[in-house]
Amino acid sequence: MKPQDYTQILAELRSAYAARAPKSAALNERAQHVQVDGGSHALRLMQPFPPRIVTASGAWVTDEDGHRLLDFWQGHLANILGHNPDVIAVALAQAFAADLGLQTGFTERYQIEAAELLCARTGAERVRFTTSGTLATMYAILLARAFTGRDVVLKVGGGWHGAQPWALKGIGYHGTEGYQHVETAGLSSAVCEEVVVSRFNDAEMLRDHFRQCGDRVACFIVEPFMGAGGFMPATREYLQTARELATQYGAVLIFDEVIAGFRFRAGDTGALYGVQPDLATFGKIIGGGMPVAAVAGRADIMNLAGRAGGGRVKFSGGTYSGHPASMLAAVTMLHYLVEHEADIYPRLAVLGDRIRHLLEDVFAQEGFYARCTGWGNDALPGSSIFMLHFPYEEGHPLAAPDDVFDPAVCDVALNGDVLQLALLLEDVHMMHGHGAVSTAHTEADMAFLEAACRNAARRLKKL
């Protein structure tokens, strides 16, 4: 089916949005003079301008123009307890009042406590902290290449592992190229040739890739639950096949759990599949809203970054790795999730199911065939995360990124800029049709969302 032209609809939505947010518009104009495109993270810089936020609490944020927005983006999906939860904010405030919290350049006990918790909850033997998921996946790949003495990095199309060299191939869907596209200028051609892109949830293709180049594969990096690539869980067969193949061919299996870690249980997601990776990366939720990421895994691989391994891998983490306030937040958050696991995760699963049904039902009632990804499966008991899609044909499978981002299969423009603006005009913030619920979201919030979606759909039908 030929994709619809939304040029005129987008122009009208942007005009309506600009008229209701003059203060955010003025700040955006000011930012253009000193920042690239007016900000420092491309995903946040929606057109014609992003809302500029002044307060954030629980499920809601307030922008410069006084609009209260029901937020499902929740700090790039990091805020599983909602914005600025008291359990973290109070601990940080007390630490700052007691002269601990800003950078010291020393180590303290919080790093040890956070590492102990991560090891206990993930089966890892060693942990090293850094500040972002991008750095964590880069260091994990460095460790794998050093450990195996091999160069090839195997990943899946649509898998986002941060803006680091071995992750910048095969992120976005590009027509006839599919997921074989290099996403940035400036990369060495050698790096691009070292990255082999497979298909998510396709165990047979994975076997083919290992048969073709398994003796050169340093690592296979994969998300147990796909994040930006479509919000879909790996099948049990797929991850078990990955474990078997990595072991058979002597490659390092890396689970990127920056999105998935501590989202479905107070620990790693791999455990729900009965699969132990060699290395895993964590971020988002473990920081409690502060910049924390980690690489965790086998001691013999991790030790390549330390004295026992001769410091062969320069995983120093950066000045702000193990930052006191961040590590305090991590310890506080991890303890809280472990202690309240029996309450938090069932509630998130129920809310996740509620919102996915709500989105599909409301848009269907208004004449838009819509389906969500983010559902659990036989390994995952439930999911707090969702992404809305508009397939052209009923019954189309949504098991891999190319099932949802091929514009010949789904209306990717509608669930992108169009939907984001239409919902923002109804005081709901999602990022291109996707987001996550937190423990701060309520049934009243679900009712607000339902009305907003209905109004947004009706607005779109009139345009």
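Guide: We will go through cavities, then a pocket, then a pair of helices. This is a predicted model, in which local features need pLDDT of at least 70 and side-chain atom pairs count only at pLDDT 80 or more, while totals for chains, interfaces and linings use all residues. Residues are numbered from 1 along each chain as its sequence is written, and side-chain values use heavy atoms, with hydrogens and water left out.

Visitor: How many cavities of 30 Å³ or more does a search of the whole structure find?

Guide: Rolling a probe the size of a water molecule over the atoms shows where empty space is left. On a 1 Å grid over the protein atoms alone, a cavity is a set of points where a 1.4 Å probe fits but cannot get out; lining residues have an atom within 4 Å of a point. Points are joined across faces, edges and corners, and a volume is the space filled by probe spheres set on them. Here the search gives 3 cavities of 30 Å³ or more. The largest cavity has a volume of about 60 Å³.

Visitor: Which residues line the largest cavity?

Guide: Its lining is T122, A124, E257, D268, Q276, P277, L279, A280, F282, A296 and G297. Two elements give two or more residues each, β9 (279-282) and β10 (293-297); strands are DSSP runs of E, at least two residues, and helices are runs of H or I, at least four, numbered from the N terminus. The most comes from β9, with 3 residues.

Visitor: What is the lining of the largest cavity like by class?

Guide: Ala, Val, Leu, Ile, Met, Phe, Trp, Tyr, Cys and Pro count as nonpolar, Asp, Glu, Lys and Arg as charged, and the others, Gly among them, as polar. This lining has 6 nonpolar, 3 polar and 2 charged residues.

Visitor: And what about pockets?

Guide: A pocket is an open set of points with protein on both sides within 12 Å along at least five of seven lines. The second largest pocket holds about 380 Å³ of space. Of its 13 lining residues, T107, Q111, V127, R128 and F129 are the closest to its centre. Both α5 (109-122) and β4 (126-130) give two or more residues to this lining.

Visitor: Which residues of α5 meet α12?

Guide: Contact means heavy atoms within 4.5 Å. From α5, the residues are Y110, Q111, E113, A114, L117, L118 and R121. Across this contact, 11 residues are nonpolar, 2 polar and 2 charged.
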